[in-house]
Amino acid sequence: MTTNSRDVFGVPCWVNLAAPALADVEEFYAAVLGWTFRATRLGEDFRVALLDGRPVASVGALTAKLGVPTAWTPYFAVEDAEVTAARIRERGATMAVGPLAFATGRAALAADPYGAVFGFWEGEVVQEWHAGEEGAAAWVELRTRDAFAAAVFYGEVLDWACERPGCCDVTYEDDHVVVRRGSRTVARIDAGAVENASDAQIRPRWHVHFAVADLDGAVDRAQRHGGAAVTPVRTSPTDRRVTLRDGTGALFTVIEAIA
């Protein structure tokens, strides 16, 4: 089922991997995360990833065609792609691609003033895809130098913490920003994560997280299929997580809840 982006504006509504070769990507994520893939209405260069029949993400062979890097990117739902693009430019950030028209809406890629790449989408969104930490297909976290400044930028661009009904609320908790829609956490912004700007792994960037039942098994399968762990396993009272690199170089995080 689908709904319209205007009904969930400001919320992460999808994640996409831009990759050079779909066959290799599908083989890797099928092995590591148990995904299956199907064609979409967007053409031969796109596939939707499914887990137990539920849409999880998409992969697209876009790196050569659009000149974008191999990376996982979150997309945020917006009411008007042109208005969003104008807001981004007005604030000194970069519009990289689009907005481009697809069969079900319009998409664009941008970089915030600190260099983190994100996308936005105007049009149909998958209703059963839920952004948020609990029971989510995926959730997203921005690691950047200044969480407050980043929250101001995204708030102005995506209409967070506005006066309109249905907008996302923003709260500051310790050193990070939590973005919620109603009671559901949809994104986080963490400060102080950039220790060495020459290291691409810790430059300001959006991190896409996928839930797994067996973290150690996911790491082992990734390593056996051409990937690698790029961080140690991090353990908190609620979860264990590790950032992986797939065979194309894209980074993503897997997270296992602790009962």
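The following questions and answers cover the fold, helix packing, strand pairing and backbone details of a predicted model.

Residues are numbered from 1 along each chain as its sequence is written, and side-chain values use heavy atoms, with hydrogens and water left out. In this predicted model, local features need pLDDT of at least 70 and side-chain atom pairs count only at pLDDT 80 or more, while totals for chains, interfaces and linings use all residues.

User: How many helices and strands does the chain have?

Analyst: Helices (H or I, at least four residues) and strands (E, at least two) are DSSP runs, numbered from the N terminus. On that basis the chain has 5 helices and 18 strands.

User: What percentage of the residues of the chain count as buried?

Analyst: Buried means under 20% relative accessible area, exposed over 50%, and partly exposed in between, with a 1.4 Å probe and protein chains only. The chain has 259 residues, and the share that counts as buried is 49%.

User: What share of the contacts with a separation of 6 or more comes from residues 24 or more positions apart?

Analyst: A contact means heavy atoms within 4.5 Å. Among contacts in the chain with a separation of 6 or more, the share from residues 24 or more positions apart is 59%.

User: How is α1 oriented relative to α5, roughly parallel or roughly antiparallel?

Analyst: Axes are lines fitted to C-alpha atoms, for helices over the stretch in contact, and angles run from 0 to 180 degrees between N-to-C directions. Angles under 35 degrees count as roughly parallel, over 145 as roughly antiparallel, 65 to 115 as roughly perpendicular and the rest as oblique. Helix α1 (residues 22–33) and helix α5 (residues 215–224) pack at about 150°, with axes 8 Å apart. That angle makes the α1 and α5 pair roughly antiparallel.

User: Which residues of α4 do Thr84, Arg87 and Ile88 in α3 meet?

Analyst: Helix α3 (residues 81–90) packs against α4 at an angle of about 150°, and their axes are 9 Å apart. The angle makes α3 roughly antiparallel to α4, and their crossing is right-handed. The α4 residues that meet Thr84, Arg87 and Ile88 are Phe153, Glu156 and Val157.

User: Which residue in β13 is the bridge partner of Leu142?

Analyst: Two strands pair if DSSP finds at least two bridges between them. Strand β10 (residues 139–144) and strand β13 (residues 184–191) pair in the parallel sense over 5 bridges. In β13, Leu142 has as its bridge partner Ile189.

User: Which residue in the turn between β12 and β13 has a positive phi?

Analyst: Strand β12 (residues 176–181) runs antiparallel to β13, and 6 bridges join them. In this pair, Arg180 stands opposite Thr185. The two strands form a hairpin with 2 residues between them, and the turn residue with a positive phi, about 70°, is Gly182.

User: Why is strand β18 described as largely enclosed by the rest of the structure?

Analyst: Strand β18 pairs with β14 (residues 205–211) in the parallel sense over 3 bridges, and 7 bridges join it to β17 (residues 239–245) in the antiparallel sense. Strand β18 spans residues 251–257 and is largely enclosed because the number of its 7 residues that are buried is 6.

User: Which peptide bond is cis?

Analyst: Most residues other than glycine have a negative phi, and most peptide bonds are trans. Pro99 is in strand β7 (residues 94–102). With omega near 10°, the cis bond is the one from Gly98 to Pro99.

User: Is Asp52 buried or exposed?

Analyst: Asp52 is in the loop between β4 (43–51) and β5 (54–60). Its phi is near 55°, a positive value in a residue other than glycine. With a relative accessible area of 80%, Asp52 is exposed.

User: How many disulfides does the count come to?

Analyst: A disulfide is a pair of cysteine sulfur atoms within 2.5 Å. By this rule the count comes to 0 disulfides.

Definitions and conventions
A crossing is left-handed if the near helix is turned anticlockwise from the far one by less than a right angle, and right-handed if clockwise.
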